[in-house]
Amino acid sequence: YLEKECEREILEDGGPIEQSSSYHRFVLDLFSWGYWWIELNEPKSASSMKQRLLLGESFWDCLQLFDSYPGFGDTDSGSAVAPGLGPLRFRPDLPPPTLDKDWSVWVFENTGITLCEHSKSGIMLTFDHGPLGMLPLCNHGHADALSVTLSYQNSLYFLH
């Protein structure tokens with residue numbers, strides 16, 4: 001059951017079904033704790049979870065490239081146990097960006113998040129064009145649907 005839920009919560013592009021970056025960190029931590037427990041006790045049964053966790057961590061690390069963290073959706077501490085206390089994390093390679101002149105662009109189609117970084121000016125943009133979140137309640141993703149976040153010189157601006 002845990003493997004199926006991991007596959008449902010972490011989308012094929014590594015983003016969160018709940019459309020919330022802080023809940024994504026929370027979910028990644030919970031599933032990582034579960035994965036490591038299974039790995040210690042039944043190593044063969046956790047392989048599909050590892051692949052999905054690698055995708056989720058890759059998505060998370062891509063968000064962390066930005067000067068000012070481009071959070072989206074509802075927010076909280078994003079901690080499964082306590083702030084600063086988390087499981088051993090995977091360190092996957094980042095997905096390669098699409099390059100367009102001076103822009104690096106990462107498009108996460110399943111999640112509905114596009115990240116753009118301008119190499120010369122330091123401008124970073126986040127576009128939230130995804131669904132409202134996990135049906136039927138869409139609890140966490142509704143807060144900023146269709147929003148644009150601009151980061152410049154370590155300052156964050158929300159454009160709605």
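Visitor: Which residue takes a positive phi in the hairpin of β3 and β4?
Guide: Glycine 122, with a phi near 80°. The hairpin has 5 residues between its strands. Keep in mind that this is a predicted model.

Visitor: How many bridges pair β3 and β4, and in what sense?
Guide: 5 bridges, antiparallel. Within that pairing, leucine 115 stands opposite threonine 126 in β4.

Visitor: And which strand does β4 join through 4 bridges?
Guide: β5, residues 148–152, again running antiparallel to β4. Methionine 124 stands opposite serine 151 there.

Visitor: Is β4 mostly covered or uncovered?
Guide: Mostly covered. Of the 5 residues in β4 (124–128), 4 are buried.

Visitor: Switching to the core. Which residues have the most contacts inside the largest nonpolar one?
Guide: Leu53 and Leu115, in a core of 22 residues.

Visitor: Which elements give two or more residues to this core?
Guide: Two helices and two strands: α2 (21–41), α3 (47–63), β2 (103–108) and β3 (113–118). The largest share, 6 residues, comes from α3.

Visitor: What about glycine 56, which element holds that residue?
Guide: Helix α3.

Visitor: Is glycine 56 buried or exposed?
Guide: Buried. Its relative accessible area is 0%, and the cut-off for buried is under 20%.

Visitor: Which residues does glycine 56 touch, leaving out those up to four places away in sequence?
Guide: Ile10, Gly14, His24 and Leu28.

Visitor: How far apart are glycine 56 and glutamate 9?
Guide: 47 residues in sequence, but 9.6 Å in space, C-alpha to C-alpha.

Terms used. Residues numbered from 1 in each chain as written. Predicted model: local features only at pLDDT ≥ 70, side-chain atom pairs only at ≥ 80, totals over all residues. Heavy atoms only, no water. Core = buried A, V, L, I, M, F, W, Y, C linked by side-chain atoms within 4.5 Å. Buried < 20%, exposed > 50% of the residue type's maximum accessible area, 1.4 Å probe, protein only. Pairing = 2+ DSSP bridges. Contact = heavy atoms within 4.5 Å.
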